[in-house]
Amino acid sequence: MRDLVPAPAAVIRNETKSIQELFRGNVIPTYGRFDLALARGEGSHVWDVNGRRYLDFGGGIAVCVLGHANPEITEALVEQSRRLVHISNLYYHEPQGRLAQQISRNIGPGKVFFCNSGAEANEGLYKLARRFGHDEGRFEILTAENSFHGRTLAGISASGQAKVKKGFGPLTPGFRHIPYNDLAAARAALSPATVAILIEGIQGEIGVIPATAEYLLGLRRLCDENKLLLLMDAVQCGHFRTGRFQSFQRILEGRVDLPGADTFLPDAVSMAKSLGGGVPMGAFWAREPYADLLDPGSHGTTYGGSPLACAVALRIFEVIERDQLARNARETGAWIKAQLEQLAGKYPTVIQQVRGLGMMIGLELAPKIPAFAGSEKPASLQFINLLHEAGLLAIPSGAQTIRLLPALNLRPEEASEGLALIEGVVIRIAAA
Ligand SMILES: Cc1ncc(COP(=O)(O)O)c(C=O)c1O
């Protein structure tokens, strides 16, 4: 029997290997990739080139907000592509205007600029801040240690992580880093050149760490007192992932004990990822009176806010609202988190802590897990390799944390399926 039925594992390796070869010879090797070659997806599942199915709890790093091959995204793409794909920003078109209106409706009175990625959205924030401070000679933006704001030259300069800057100096001047969730440190760091503070509502790249309500409100006061802009990077944690459009809305919700919690607004917010659900798109929103600082000719990008991308983003808003996906993100996310906390209680030698809000969950691994001792690879990567073996995709967040960023329309039975796969891996590690 063995001889007649070839072992599937051998086939999987060969198919994946030939694609890896193609990459090795032709693609600039900037990414450390996992040993998987994916071919198609549907909802919260993807299949590799050999037909093996995986449950996707990574969502393309918080992008695939409605899952894979969503028929309504396809429909929006097809319908709009029959009408008008691109015209440039020399002309008006309705989808861009309607999308900007939709974003402001969900944050507050203001205006929106469209671009193509998170890093580019943040570039817009830097330029907004520099314009704001220009006449007074102020240009410095404080950002948080361990923050991530993208891979452009200004993006790596803004990011509070040494590893993304290494080998690319001299960096863009005008960025300094402050400890996250530490208001006193922010106050102490201000200089006469400071013009803005930029933070993520939930830090995504090293550990999934939400800002506290007190920190957000304290930064708002600090910025008001010192004529600084408060900028928020919602590229990863935005777009209903936490159960509200913006993470700060979720973090501050119900905090009647904190003065200003019900009226809090940053001055500008960058977004991307889930906004286009896989169609590359970025944007930043700026509130009045800063929305008109960038006047005609001061900023631009060829593809930004194309009819095609905007039609998709509008459809995503419609589906999220119609299907109450913010509620699903909140409730299913809370259920997953509670289950993981129970698992952490049972296996403290494997899981140290569970953090996050809604569908942005971080699973911090315990230090020095014996099962991982024999390898140089960070614990997060070793854990994820085991998840892949079990049939689940997830994303590392630094060396010790696993990030779960599933689609907002994840079904309860898929949440259970994912939990069972994680539990299996945790039991395996604990027993090793
Ligand atoms: C918080 C945050 N900001 C900015 C970026 C950069 O976005 P992009 O990769 O679309 O340029 C990312 C990407 O992971 C991010 O998580």
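**Entry 1**

I began with Leu-421, which is found in helix 14; helices here are DSSP runs of H or I with at least four residues, strands are runs of E with at least two, and both are numbered from the N terminus. The model is a predicted one, in which local features need pLDDT of at least 70 and side-chain atom pairs count only at pLDDT 80 or more, while totals for chains, interfaces and linings use all residues. I note also that residues are numbered from 1 along each chain as its sequence is written, and that side-chain values use heavy atoms, with hydrogens and water left out.

Leaving aside neighbours within four places in sequence, I found Leu-421 in contact (heavy atoms within 4.5 Å) with Leu-387, Ala-390, Gly-391 and Leu-392. I then took the C-alpha separation between Leu-421 and Leu-410, which are eleven residues apart along the chain, and it is 15 Å.

**Entry 2. Helix 14 against helix 13**

How do the axes of helix 13 and helix 14 cross? The axes of helix 13 (residues 379–390) and helix 14 (residues 412–431) come within 9 Å and cross at roughly 125°. Axes are lines fitted to C-alpha atoms, for helices over the stretch in contact, with angles from 0 to 180 degrees between N-to-C directions. Helix 13 and helix 14 are therefore oblique to each other; angles under 35 degrees count as roughly parallel, over 145 as roughly antiparallel, 65 to 115 as roughly perpendicular, and the rest as oblique. The crossing of this pair is right-handed, that is, the near helix is turned clockwise from the far one by less than a right angle, anticlockwise being left-handed.

On the helix 13 side I listed Phe-383, Leu-386, Leu-387, Glu-389 and Ala-390, which meet Leu-421, Ile-422, Val-425, Val-426, Arg-428 and Ile-429 of helix 14.

**Entry 3. Helix 14 against helix 12**

I next looked up helix 12 (residues 325–346), whose axis comes within 11 Å of that of helix 14 and crosses at roughly 20°. Helix 12 and helix 14 are therefore roughly parallel to each other. Their crossing is right-handed. The residues in contact from helix 12 include Trp-335, Ile-336 and Leu-340, and those from helix 14 include Leu-419, Ile-422 and Val-426.

Lys-346 of helix 12 and Glu-423 of helix 14 also take part in this contact, and I found a salt bridge between them, with the closest N and O atoms 3.7 Å apart. A salt bridge is a side-chain nitrogen of Lys or Arg within 4 Å of a carboxyl oxygen of Asp or Glu. Glu-423 and Lys-346 are 77 residues apart, and the pair links distant parts of the chain. Glu-423 is partly exposed at 28% relative accessible area, whereas Lys-346 is exposed at 55%. The cut-offs are under 20% for buried, over 50% for exposed and in between for partly exposed (1.4 Å probe, protein chains only).

**Entry 4. Other salt bridges**

I recorded 26 salt bridges in the structure. One of them pairs Glu-75 with Arg-315, with closest N and O atoms 2.7 Å apart. Glu-75 lies in helix 3 (residues 71–83) and Arg-315 in helix 11 (residues 307–322), so the pair ties together parts 240 residues apart in sequence. Glu-75 is partly exposed at 40%, and Arg-315 is buried at 12%.

I also noted Arg-322 and Asp-323, whose side chains meet at 2.7 Å, N to O. Arg-322 is exposed at 51%, while Asp-323 is partly exposed at 37%.

**Entry 5. A lysine without a salt bridge**

Lys-165 is placed in helix 7 (residues 162–165). I found Lys-165 buried yet without a salt bridge, the nearest side chain of opposite charge being Glu-145, 11 Å away. For charge, Lys and Arg count as positive and Asp and Glu as negative, with His and the chain ends not counted. Not counting residues up to four places away in sequence, Lys-165 touches Ile-156, Ser-157, Ser-159, Leu-171 and His-177.

**Entry 6. Backbone checks**

Most residues other than glycine have a negative phi, and most peptide bonds are trans. I looked for departures from this.

- The Gly-169 to Pro-170 bond is cis, with omega near -5°; Pro-170 lies in the loop between helix 7 and strand 6 (175–178).
- The Glu-288 to Pro-289 bond is cis, with omega near 5°; Pro-289 is in the loop between strand 12 (282–287) and helix 11.
- Ala-69 has phi near 50° and is exposed at 56%, in the loop between helix 2 (59–62) and helix 3.
- Ser-88 has phi of about 80° and is buried at 19%, in the loop between helix 3 and helix 4 (94–107).
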